[in-house]
Protein chains: 4
Amino acid sequence: MRIGILTGGGDCPGLNAVIRAVVRKGVTEYGDEIVGFRDGWRGVLDGDTVPVDLAAVRGLLPRGGTVLGTSRTNPYSVEGGPERVRETLGRLGIDALVPIGGEDTLGVATRLAETGVRMVGVPKTIDNDLDATDYTFGFDTAVGVAMEAIDRLHTTGDSHHRTLVVEVMGRHAGWIALHAGMAGGASVVLIPEHPFDVDGVVAHCLHRFESGYSPIVVVSEGATPRDGDLMLSTGDEDAFGHVRLGGIGPALAALIEERTGRESRAVVLGHVQRGGTPSPFDRVLATRFGLAAVDAVHAGESGVMVALRGTDIVRVPLSTATAQLKLVPPERYAEAEVFFG
Amino acid sequence: MRIGILTGGGDCPGLNAVIRAVVRKGVTEYGDEIVGFRDGWRGVLDGDTVPVDLAAVRGLLPRGGTVLGTSRTNPYSVEGGPERVRETLGRLGIDALVPIGGEDTLGVATRLAETGVRMVGVPKTIDNDLDATDYTFGFDTAVGVAMEAIDRLHTTGDSHHRTLVVEVMGRHAGWIALHAGMAGGASVVLIPEHPFDVDGVVAHCLHRFESGYSPIVVVSEGATPRDGDLMLSTGDEDAFGHVRLGGIGPALAALIEERTGRESRAVVLGHVQRGGTPSPFDRVLATRFGLAAVDAVHAGESGVMVALRGTDIVRVPLSTATAQLKLVPPERYAEAEVFFG
Amino acid sequence: MRIGILTGGGDCPGLNAVIRAVVRKGVTEYGDEIVGFRDGWRGVLDGDTVPVDLAAVRGLLPRGGTVLGTSRTNPYSVEGGPERVRETLGRLGIDALVPIGGEDTLGVATRLAETGVRMVGVPKTIDNDLDATDYTFGFDTAVGVAMEAIDRLHTTGDSHHRTLVVEVMGRHAGWIALHAGMAGGASVVLIPEHPFDVDGVVAHCLHRFESGYSPIVVVSEGATPRDGDLMLSTGDEDAFGHVRLGGIGPALAALIEERTGRESRAVVLGHVQRGGTPSPFDRVLATRFGLAAVDAVHAGESGVMVALRGTDIVRVPLSTATAQLKLVPPERYAEAEVFFG
Amino acid sequence: MRIGILTGGGDCPGLNAVIRAVVRKGVTEYGDEIVGFRDGWRGVLDGDTVPVDLAAVRGLLPRGGTVLGTSRTNPYSVEGGPERVRETLGRLGIDALVPIGGEDTLGVATRLAETGVRMVGVPKTIDNDLDATDYTFGFDTAVGVAMEAIDRLHTTGDSHHRTLVVEVMGRHAGWIALHAGMAGGASVVLIPEHPFDVDGVVAHCLHRFESGYSPIVVVSEGATPRDGDLMLSTGDEDAFGHVRLGGIGPALAALIEERTGRESRAVVLGHVQRGGTPSPFDRVLATRFGLAAVDAVHAGESGVMVALRGTDIVRVPLSTATAQLKLVPPERYAEAEVFFG
């Protein structure tokens, strides 16, 4: 078979591991030919391809990012997009597509599958907010990067008797903050699912100082205060007339400094969380996803996506990728709260 | 309540994280007093305790090993052992015990629980070979150490056109070899569950050399050849009259060198795999196990063990800890085989 | 002898290693008693001490930060400060002081030494801008943190065809940017010693894109544009009417995006660079500094500071700590320029 | 100019960084053409070359090993070797050679330079035992790998109350053991320069146990006992009738177990120390060596080698590469001894 493959949306450690696994499995076990499309759906729209044979995937496993490139192009936002996709696939003789991506990329895949394009998706979201799978690759790596930063910040915070606020990824779901905060021994973890009370945060910080140590506050980029006393749009002034600098992390640090009367600093981890070599967990998960996707194609499946359930890779409807977000449930947040203060 | 806690058997990254979580949860949410026993069941036999209050567990989360110490002492192998255990617990007013350990430690716990001692176990096995739980803490860390070694060895192998054999932990189950080999891009993975054919290994190595790269062979310490042409007891001579050096890894390296006609070297990772700071996955899992154990105690449970199922922490009978080993199933090994050669 | 020890100014990986070495050497070889002052000169002013015996320094070697705490308190800015320092030292029977710090901390030490206080300094500056020593501890660790971030950012930059700007420490001297940029394969390195031309930076970025890869721009926090087309005070508007967000890094990223017509993102590494466990180089250097300081005290030296020259630890006048900054010389910057574009 | 480049002897993290720097500097600043010879002097003997242009060195900086391959082939041990070398260089129009290697590789270079071949060497020895330079690249990385292993082993040793013996590289010089042991907080460091007394080692171990912690003994592969009570040739029986397993590390562990009456285990780090991505220090040093070598060629130098002196890269006679080994001097060993026990 001729199988097309593409990566869309934000990049993630493990994308290359999926690509490699698809190629190794497809070529050596099924005699497939794998065609890579550059920059996600853009490459399909433009017929922009790159050969991905066995030689092309050597050495890819430990590399972050995606050799195929990525974009946020959506064929359904382009005049005649879906037709151009089908035209490209027909012209190149593509029997099936393996799109690797998140809500947007797989949303396109879902709609195309309904029009008869054979499609087996691989889920990707560094935020781990896809309900259909226990975990997605990239998440464990991101948590690791954040945790290592927190480990480092503990000692500098303690030495200077300062609060340190660490802003991590997570626009809608607080999984990275939750796991990195729990793994790093944070004094407070703030997530989008649970609007926070600034006075409560300050109380935890003060309690921590009393124990002789300095607080680390881990905050998702999408976390918001319950009482609206922080303004969130970049460049606005905050409640105290300060110009907001960059995000919730620095704003919160300024506020904590003001209310605790002790120095506070913010670190915004940003893109470091999504780059670089994947963790062992993510390399194994991404590899297994790739293998399972090829098997699903050859099993005649379409409109499905591979997913992790426990230790098994299963197939679920592609449409579940765009169903509700997987948010941090209250009982998981309560686990983290045991360590607050 | 007064809750006793102990760690038995081989140490594992994450033990301290469990201890910390038990103390934080027990003391701050339930008002418990936690009593630590030194060196596993030995401390219970001897009434050798150490206070573990909130101050004692500060800073424990990222530390490998166990502050309580560990041993392989088994009260059932000691004259009057079980009676001495009950005597100690009665004298110290211990309401419940939280033993953290593997097959042996929890086997003792199972038998004691049957005699009426309140017992909630926490499973520990760096080899990940406990059937009752998806994963145990320490395993992900060990896989990470092994994978980093493999990452490093690729470049030196390629530079010298040598085969490198990496011996990892896993006496009965090949999980560490399987995951580290898959994550590290091994050319061959050999596990106890699947006796290997030396000629097949050699063929994979030669195939790898032909592609212009050098092979990495990952082998569990408990892997054995199908055809008996390697002798396994340390110090014996091997089939070629060489004195066996230390284990399967060096023996296999010597054999591969002989049959491929190219240099081969072995690395035995050994104790480095079980020491040091836990990975983020293991810190979170160990912490959640500790929290859940305390909840189980207060829920009036006994004779149970906490376990991971998917993303949930559940309770399973303690006796399942000593039920059959979780071996690598053939379909998981087949996944790795896609990348052989 | 009774030797006082203190750490002042910004913290640095390796401070604890110095403290440990002073104690091990002083106590076991000379029979000294070591008295720790809390939070730099503040602790001397207030007579706020902490015992640092052999037990107190166990396990300190790999820990970042300083167990003694630190502050920027300057006795010469305090009414009657120098007198209070001498009073404390007299009252506690301190024979000599080992202050560990940078320009400010050692500047105080220099002046106090001139008044007869016996003083052997240990230089500390994470920016590596002290002229009297080849290297200071903490610098290698900071470079390592920055390099790892750059390694990670390469793959995400390439996947998204984006410029990534990494802002690192270095207010007056560009050593961290120079070394991290050279080690990380940066496309451009911008340092305070060499005001930059924005058009030149943009040209390097475009050239890098043409080669099929994405540029990484490493910029010291203190770097400034030659042509003044970036305003540097936080909260100001930049040349394009955008509110400046946090520092040179984000401002430069916005400008590069505008002029290249391709997405650009900034990462500000901040405090992560100065926290956490020291690198091997820094652990050895800090340890040797501590040993040499104690030897200098017992050799009857005062008004000196230990320093690294080649592979030797030597003694230099304390006053050299406050002499001219060690800036990146043009020929070292020229080395980095070979790799621009 | 046409400049040949080759890497000989054992591989080392940083070799690729040197190659990249030579190419970047030579091609972009001088318009050189760089010709790579495969597998050290073997490639020169056989005229086996590989193109190394700008594209070929992209992405090489962080990669361990050497893309050129390496061997221990010595033209002076081959019939007509030197003539074949000159013939190859003449035929390919090579104006100058940049050999990167240790004593053997540069020894060949020294002799060839005397016969008129233009030659600028780059020193390489992971053991850091070359007298003509402060440091060589690869050493810092090897120390880092060993130190991380020691960091990990502390916790498992303490948990089990065991002595752990770590065998590191260093056949003739103990630099890796000295630095890794000092950085890792070893209880004893044993090096070839200082034959050890087994009873002294045991005494340090017992003293360490008394303090409540477990000893880590770091031993160079070339260290030997003063009193000859350990036999060193592999496969021999030791003084207690045990077959020696692999090296000094396991032999010493067995002996320590016997004499302390407490469990002891050995870890032999082996090839992991020389593989993988270079540390920041080594990436910068290797890059600067490569740049300086090209400058030396264009300055008309021959028979020289680049070297590090303090923070400067200097040129020294090639013959110094084969002069006396740089051994650990007694005063450096004395520094480590402060921390024994």
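Visitor: Which residues does Glu103(A) touch, once residues up to four places away in sequence are not counted?

Guide: A contact list of this kind shows what a residue meets in the fold besides its neighbours along the chain, and in this predicted model Glu103(A) touches Ala321(A), Thr322(A) and Leu325(A). Glu103(A) itself is found in helix α4 of chain A, which covers residues 103-114.

Visitor: How should I read Ala223(B), and where is Ala223(B) found?

Guide: Ala223(B) is found in the loop between β8 (216-220) and α8 (248-260) of chain B. With a relative accessible area of 1%, Ala223(B) is buried, since buried means under 20%.

Visitor: Which residues does Ala223(B) touch, again not counting residues up to four places away in sequence?

Guide: Ala223(B) touches Leu190(B), Ile191(B), Pro192(B), Phe196(B) and Ile248(B). One of these, Ile191(B), is 32 residues apart from Ala223(B) along the chain, yet the C-alpha atoms of the two are separated by 4.8 Å.

Visitor: Let us turn to the interfaces. How many residues of chain A are in contact with chain B, and what area do the two chains bury between them?

Guide: The size of an interface is often given as the accessible area lost when the parts come together. Here 39 residues of chain A are in contact with 39 residues of chain B, and the two chains bury about 3,400 Å² between them, with 62% of it on carbon and sulfur atoms. On the side of chain A, the residues that lose the most area to chain B are Arg58(A), Val338(A) and Phe339(A), which together account for 19% of what that side buries.

Visitor: How many salt bridges and polar contacts are counted between chain A and chain B?

Guide: The count is 4 salt bridges, and there are also 8 residue pairs in polar contact. Among the salt bridges is the one that Arg283(A) forms with Asp151(B), in which the closest N and O atoms are 2.9 Å apart. As for the elements involved, α1, α5, α6, α9 and α10 of chain A each supply at least two residues of the side that touches chain B, and α9(A) gives the most, with 7 residues. By residue type, that side of chain A divides into 16 nonpolar, 10 polar and 13 charged residues.

Visitor: What is found across the interface of chain D and chain B?

Guide: This contact takes 37 residues from each of chain D and chain B, and the area buried between them is about 2,600 Å², of which carbon and sulfur atoms give 60%. Across this interface 0 salt bridges are found, alongside 18 residue pairs in polar contact. In chain D, α5 (139-160) and β9 (264-268) each supply at least two residues of the side that touches chain B, with α5(D) giving the most, 10 residues. The residues of that side divide into 10 nonpolar, 19 polar and 8 charged.

Visitor: Which chains do not touch, and how far apart are their nearest C-alpha atoms?

Guide: Chain A and chain D do not touch, and their nearest C-alpha atoms are 11 Å apart. No contact joins chain B and chain C, whose closest C-alpha atoms likewise lie 11 Å apart.

Methods. Residues numbered from 1 in each chain as written. Chains lettered and ligands numbered in written order. Predicted model: local features only at pLDDT ≥ 70, side-chain atom pairs only at ≥ 80, totals over all residues. Heavy atoms only, no water. Helix = DSSP H or I, 4+ residues; strand = E, 2+ residues; numbered from the N terminus. Contact = heavy atoms within 4.5 Å. Buried area = accessible area lost by both parts, 1.4 Å probe. Salt bridge = Lys/Arg side-chain N within 4 Å of Asp/Glu carboxyl O. Polar contact = N/O pair within 3.5 Å; in protein donor to acceptor, adjacent residues only side chain to side chain. Nonpolar A, V, L, I, M, F, W, Y, C, P; charged D, E, K, R; others polar. Buried < 20%, exposed > 50% of the residue type's maximum accessible area, 1.4 Å probe, protein only.
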